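Here is a short tour of one protein chain. Keep the sequence and the 3D view side by side as you read.

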Amino acid sequence: MECLQLLNEIIADFDELLSEERYEKIEKIKTIGSTYMAVSGLTLPMEENPDAWHHLCTLADFSLALDNIMLEIHKHSSINFTLRVGFSHGPAISGVIGAKKPQFDIWGTTVNLASRMDSTGVSGRIQVPAQTQQILHLHGFTLQYRGPIYVKGVSETQGKVETYFLTGRVEEVVKHKWMRKQSAQRTLSAFASGLVQKKNLEVSSIGEQDH
């Protein structure tokens, strides 16, 4: 229960960071367990910014800011969670599917590669493929070469994928001030945790009665 509550607070902090103006073009798609899935550039008209890769740089900044949040959380918690991040760039298909509980989602090779950058990554690191590294390097980001790795579902026709770890930016990213404050979003998060506790208590009580 303690882990679940902390995970809920972490996701709420990520959502709060995403609400900042500088990240307004990043769209949260969904959470799958402890996986936080987001995309940048879906609704960004090219004429808004002369730099075609502004959305990719914003996503890289967001990834680095998530690391800052985790560092702050560790200072206030006895549970040492580690963040593992992976992302890529390229074309994707997006849309809403379903008649009951319709859901917005994205698909494609780019999405698959981004997912594999996460699953084949290293705890505490941000992993990207070589083609993404080339763009980020030209935009002031620092990256460390990891080497070629086999990526299931993507590498069959390409062989191994060259990968890099995103380590920072020449221009320091503004650190997110993580505080345990009672914002509307955090109040909702606490309410959700309370519901989980109540449900668990009810289930336990029923089990005892049946027994």
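K101 is exposed, with a relative accessible area of 76%. Exposed means over 50% relative accessible area, buried means under 20%, and partly exposed is in between (1.4 Å probe, protein chains only). K101 sits in the loop between β4 (93–97) and β5 (103–107). Its phi is positive, about 55 degrees, although K101 is not a glycine. Most residues other than glycine have a negative phi.

This is a predicted model: local features need pLDDT of at least 70, side-chain atom pairs count only at pLDDT 80 or more, and totals for chains, interfaces and linings use all residues. Residues are numbered from 1 along each chain as its sequence is written, and side-chain values use heavy atoms, without hydrogens and water.

Now the whole chain. Five helices and eight strands make it up. Helices (H or I, at least four residues) and strands (E, at least two) are DSSP runs, numbered from the N terminus. Along the sequence their pattern is α-β-β-α-β-β-β-α-β-α-β-β-α. Contact means heavy atoms within 4.5 Å.

| Property of the chain | Value |
|---|---|
| Buried share of the 211 residues | 37% |
| Contacts joining residues at least 24 apart, among those between residues at least 6 apart in sequence | 64% |
| Share of the accessible surface belonging to carbon and sulfur atoms | 54% |

Next, a helix pair. The axes of α2 (residues 54–75) and α4 (residues 130–138) come within 10 Å and cross at roughly 95 degrees. That makes α2 roughly perpendicular to α4; this term covers angles of 65 to 115 degrees. Axes are lines fitted to C-alpha atoms, for helices over the stretch in contact, and angles run from 0 to 180 degrees between N-to-C directions. L56, C57 and A60 in α2 meet T132, I135 and L136 in α4. Five residues of this contact are nonpolar, one is polar and none is charged.

Look again at C57 in helix α2. Is C57 buried or exposed? C57 is buried, with a relative accessible area of 5%. Leaving out residues up to four places away in sequence, C57 touches L136, H139 and F141. The C-alpha atoms of C57 and H139 are 7.5 Å apart, although 82 residues separate them along the chain.

Finally, helix α3 (residues 109–119). Its buried residues are T110, V111, L113, A114, M117 and D118. They cover an arc of only 165 degrees around the axis, so they lie on the same side of α3. The arc is that of the directions from the helix axis to the C-beta atoms.

Notes
Parallel < 35°, antiparallel > 145°, perpendicular 65-115°, else oblique. Nonpolar A, V, L, I, M, F, W, Y, C, P; charged D, E, K, R; others polar. Areas by Shrake-Rupley, 256 points an atom, 1.4 Å probe, with all protein chains shown as cover.
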